[in-house]
Each structure stands twice: as structure tokens, then as C-alpha cells.
Amino acid sequence: MSYWFICVILCVWFYWLWSRRKYYALMFKIPGPIGYPLLGKALDLTGKKADPLDVIHTHSEKFGPLMYTWLVIYPVLVVTEPDIIRDILTSPYCTNKGVLYKPLNKGVGKGLFSSEDPEWGLHRKYLNPTFGHKILLSFMPIFNQEVNTVLKIFKEMNECQDVIALLQDFTFNIAIRTTMGVNVAQELGNGPNSDLIKNYQCVVDNMTEMLFSPWLSNNVIRRVLSVHEPFHSSKAENRKFIRKLITNKLNGNAGNHLQTTSSKNVFIDQAIDLMRKNIFTLQHVEDESNTIVLGAFETTANTIGYVLILLAMFPEYQEKVYEELLSIFPDGGDFEVTYRNTQDMVYMDMVINESMRVLAPVPLVARENTQDIRLSNGIVIAAGVQLVLNIFTMHRRKDIWGPEACVFNPDNFLPCNMEGKHPYAFIPFTKGIRNCIGWKYGLISAKIALAKLLRNFKFSTDFQYADLEFYNSIVLKLKHMPVLRIARR
């Protein structure tokens, strides 16, 4: 009996290996670290001391623009080559995020971040109007009002220990007002340490752990390892909050509804309208709302904060920004920033772009090909490979950005220096079919905040640029936050 059982097991094993022969064949075409049997490089990416971004960045620099490796049983192609990245992001067979993004479903639901086609394509089509140009213009008063609140806080400070935490409270309130149509500042508290923001951070950190340690997605394993809490309770609190806002909208009890040219184009109103037309379910509304709120506040706070930190480290560039702002806004204080003003901030654009180059907002992005695809270099990638776009490393490639590619220098975005650059060499919001739906929203709100802050305050720090250390928590984060000194202009 045992003999036949072993034979059956071996037959199943060999059949499984044979069915995956295309994956193994790629190991002879593309260089990369193989890792351990059945684990791949997973052990290097897990544990408290593990730093997935550092490991992937180091390996990418060692093995080149195409690197083939394994994460548990999943074949992974890590790409830092603009041509190949364009192949992937423009392919109709690479719109799905793949198995690496399954933890996002557990944390925030099947929203635009992680849902698959055809559901993703349908939802994107119906939700695109909520980030249209006219709608963004209608948000300008909100952006200005909320930044004025931050100005008052900064006026009372001589230094800031954690500028990102402070800004998250501000961007979270903007996200709720512009996407959910209500003002809930009173419910969240007056500081950056509101329980709700902490809950979202907890969910993001746990989802990141699951991305690189797929076995942690299993609830039983998480309970055995005593890591199920506080992720479960934080997720439940977030859901409870979003559900309350949706219920209030459905019952017509929203406290501070936004007055826009067409209220249906506020995100939540559009989502509820789609539910009433039986295009969305209530679960869809909840998942998309949860996803869009998280995406709107986290990356915007980081973008603003990282620009302030970098300019504090490089005062010569900060003075150039100030001179530009002084010409646009001769009088300081809580002036109103118009859309036209944001278009006149030419040097500010260069600074923001350079900040997003050296500190990529989302350093790693993944896709999965649903069919075999032939890349522009001639290599055929079998269906089911996890395609990781290493934006962090690509943005720092010396053969693209010059010998000082790792150094912050806004002149990299002078028109003469951008000539000849590959259109996919700089993709802070990705590009192609599944680009970021809210990239214009994020840039406009960031420029308004930076214009008011940098016109009214001068920032400085003793922290050195060379001492910055990064890690990936879906978005890019700093291991040590520089303390910023604040002086009135």
C-alpha cells in the first residue's frame, strides 16, 4: 500500500513540475537568484530584520534590468528596464495585479488597487469621472481651507519631529471631504495620532508583511503566530467607519455635504448611484470607498512631507522655490491658490518630480500576465509569472539619470535634461492601461500645500541626505524621520 502511495505522490509531483516547465525554462534565459526549494527568496524578505526593498534593490543592481527569481512557488520577474516596463504596462494581458496583491483584498477589499478584469475595467470606467478636471477644480476651495489649518499648526511650532504624521491628519481629512463628501475632522481628533489613521497604518503594515510572506495571508497561521491582532481589529474599525459614512449617505444624513457642480460626481455619490442601478453592490461601494480613502491620503502626505524634508536638506533649492512662489504670491499668509497658480509653478514641478524620482511614492508595483507575452527583447514570458516593476531602482539607474543618479537635484527635470529620456523611465504613478486614477488629484493638492508652506516658512534640518534609509510598506517610508526646524518667512 505504501509503495503505491509513494508512486502516486511521485507521479503527481512530476506532473506538477512538468506543467510548470515554462517557468523553469526562463531560469536559463534570465539571470537571478534562485533561492531555496519551495521557498525561493522568501526567507530573505521576511522577519523583523528583513528589508524587502533593500534586498530587491541590491539584487536588481547585481543581476541587471531583468532578474528572475522565486517567491515561495511563484515565479517572479523583477524589471528595471523602461522598454520592458512599457511592454508590461501597455499589454491588455497584464492588467491584473496577481497573487502578490491578494493581501490587499484582505485589508481593504477588492477595490481599484487589487480587483481583476473584467471587474476592474468596469469599475474604472464608471469611477473615472469622479477624478475629472471639473471635479478637481471644484475641490480647490477644500484643498485651500485644509492647508490653512496646517499653517496655523506650523505657526505654533519651532520644530517638527515627524512631519509625515502631522500631514497625514491633514490629507486624511481632505480625502474624506473630497471622496466621501463629508467633513469628519471632529470625529478624528485634532492631531496626527487619531486612532483611525493608526488603524489604516496598521492595516498597511500587515498587508506588506503578507505580500512578501504569502503564508501569513492564512488566518489560521496568523493566529498560531499571534499576529492576527491588531490587524483584524484595525481592519474592522476602518470598515465600521466607512460603513457609517455610506449609511449616512444612503439615509440622507450626511453632515457637511460638498457643493459641487454635480454632486453625483463626488466619489461616494457616484458609487451609490451605480449601486442603485444594480451595477455596484453595497460591498463594491464599501470596498471602493475604503480603497480610495487609503490611496488618497497616504501617498499625498508622503509626497508633501518628502519634498519638505529634501528641501530642508538642500537649502539652495528651497530658496529657488521660495523665489518662484514670491513672484506668484507677493503677500504671504493664508492666500488662495488657484488652478492657474499651480500651472505657473514651473520650478515647483521640477522639485516634486525629483522628489518622486529619488523617493518613489510606490517603489514596487506588480502585475501578472494572463497569457504568454513576448517582450520587446524577444523573450516570451509564460502566463502566470509575477511581474514586479522595481520603480525605485529604475529611478536611480546611472545609465539613465547620470553618474549622480542617487542624488537629489531638481535640474534633472530641466527640459534639456529630459530630452531623449525614455517615456517610461520616470513613472511615479505608473503609466499605461492601469495607471493611478488619482494622480492629478494628488499633484494638485500637494502643490497647493507646498506653495503655502514654503511661501510662509523656511525649513531646515541637521539630518544628512546620505543617512536616509528606506523601506517598503506598499508605499515608500523612511526608517528614521528627520527633525525639521521651522522659521517664519
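Reader: Is aspartate 51 buried or exposed?
Author: Happy to start there, with the note that this is a predicted model. Buried means under 20% relative accessible area. Aspartate 51 has a relative accessible area of 10%, so the residue counts as buried.

Reader: Which residue does the side chain of aspartate 51 meet in a salt bridge?
Author: In general, side chains of opposite charge can pair when their charged atoms come close. For aspartate 51, the N to O distance in the bridge is 2.9 Å. Aspartate 51 sits in the loop between helix 3 and helix 4, and its partner in the loop between strand 10 and strand 11, so the pair ties together parts that are 428 residues apart in sequence. That partner is lysine 479.

Reader: Does lysine 479 count as buried, partly exposed or exposed, and what is its relative accessibility?
Author: Buried stops under 20% and exposed begins over 50%, with partly exposed in between. Lysine 479 therefore counts as partly exposed, its relative accessibility being 39%.

Reader: Which residue forms a salt bridge with arginine 239?
Author: The closest N and O atoms of this bridge are 2.8 Å apart. The pair links distant parts of the chain, with arginine 239 in helix 14 and its partner in helix 16, 47 residues away. Both residues are buried. The partner of arginine 239 is glutamate 286.

Reader: How are helix 14 and helix 15 oriented to each other?
Author: Two packed helices are described by the angle between their axes and the distance between the axes. Here the axes are 11 Å apart and the angle is about 70°, while the crossing is right-handed. Angles of 65 to 115 degrees count as roughly perpendicular. Helix 14 and helix 15 are therefore roughly perpendicular.

Reader: Is leucine 38 buried or exposed?
Author: Leucine 38 is found in the loop between helix 2 and helix 3. It belongs to a nonpolar surface patch, whose members include Phe5, Trp13 and Ile73, with about 800 Å² of accessible area together. Exposed means over 50% relative accessible area. At 51%, leucine 38 therefore counts as exposed.

How values were computed: Residues numbered from 1 in each chain as written. Predicted model: local features only at pLDDT ≥ 70, side-chain atom pairs only at ≥ 80, totals over all residues. Heavy atoms only, no water. Patch = residues over 30% accessible without salt bridge, like charges linked within 9 Å, V, L, I, M, F, W, Y side chains within 5 Å. Areas by Shrake-Rupley, 256 points an atom, 1.4 Å probe, with all protein chains shown as cover. Salt bridge = Lys/Arg side-chain N within 4 Å of Asp/Glu carboxyl O. Helix = DSSP H or I, 4+ residues; strand = E, 2+ residues; numbered from the N terminus. Buried < 20%, exposed > 50% of the residue type's maximum accessible area, 1.4 Å probe, protein only. Axes fitted to C-alpha atoms, helices over the stretch in contact; angles between N-to-C directions. Parallel < 35°, antiparallel > 145°, perpendicular 65-115°, else oblique. Left-handed = near helix turned anticlockwise from the far one by under 90°.
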